[in-house]
Amino acid sequence: MKVEAGDNSMINLSVQQVLSLWAHGTVLRNLTGAAVAGIYRVAGKNMAPLEALVFGVGQTVLTLIISFSRILATL
C-alpha cells in the first residue's frame with residue numbers, strides 16, 4: 001500500500017512505542033490503586049469489598065475515557 005506525502009490517515013507506531021504506552025498505563029494504574037489503599041490504611045479505615053469494587057470500576061472507567069480522548073487527539 002502506497003501512502004502519499006500529505007496523507008495522515010495512517011498511524012505508524014512501532015512495537016516498542018505501543019509496549020511503552022501500555023507499560024506506563026499499567027504502572028500508573030497500579031500506583032493509584034496502591035495510593036488509595038495506603039490512604040485507607042493510614043486513616044485506619046477498613047475497605048468493604050463493594051467499596052473496593054466501586055473504586056476499581058471507577059478507576060477503569062476514567063482510564064478508558066482518558067485513553068480514548070488521547071487517541072481522539074491524534075486523529
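## Surface and overall make-up

The protein chain exposes about 6,700 Å², of which carbon and sulfur atoms supply 69%; accessible areas come from the Shrake-Rupley method with a 1.4 Å probe, and for residues only the protein chains shown count as cover. The model is predicted: local features need pLDDT of at least 70, side-chain atom pairs count only at pLDDT 80 or more, and totals for chains, interfaces and linings use all residues. Residues are numbered from 1 along each chain as its sequence is written, and side-chain values use heavy atoms, with hydrogens and water left out.

The protein chain contains 2 helices and 0 strands, both taken as DSSP runs numbered from the N terminus (helices H or I, at least four residues; strands E, at least two). Of its 75 residues, 1% count as buried, a class that means under 20% relative accessible area, whereas exposed means over 50% and partly exposed lies in between (1.4 Å probe, protein chains only).

## Nonpolar patch

A nonpolar surface patch is formed by Leu50, Leu53, Val54, Val57, Val61, Leu62, Ile65 and Ile66, which together have about 770 Å² of accessible area. Patches are made of residues with over 30% relative accessible area and no salt bridge; nonpolar side chains (Val, Leu, Ile, Met, Phe, Trp, Tyr) are joined within 5 Å, like charges within 9 Å. Leucine 53 belongs to helix 2 (residues 49-74) and counts as exposed, because its relative accessibility is 51%.

## Aromatic pair

The structure holds 1 aromatic pair. Tyrosine 40 and phenylalanine 55 are arranged edge-to-face, at 6.0 Å centre to centre and 80° between the planes (rings of Phe, Tyr and Trp, the last by its six-membered ring, pair if their centres lie within 6.5 Å; planes under 30 degrees apart are stacked, over 60 edge-to-face, the rest tilted). Tyrosine 40 lies in helix 1 (residues 15-43) and phenylalanine 55 in helix 2, so the pair ties together parts 15 residues apart in sequence.

Tyrosine 40 is buried, at 15% relative accessible area, while phenylalanine 55 is partly exposed at 40%.

## Salt bridge

There is 1 salt bridge in the structure, defined as a side-chain nitrogen of Lys or Arg within 4 Å of a carboxyl oxygen of Asp or Glu. It joins the side chains of glutamate 51 and lysine 45, 3.1 Å from N to O. Glutamate 51 is partly exposed at 22% relative accessible area, and lysine 45 is partly exposed at 43%.
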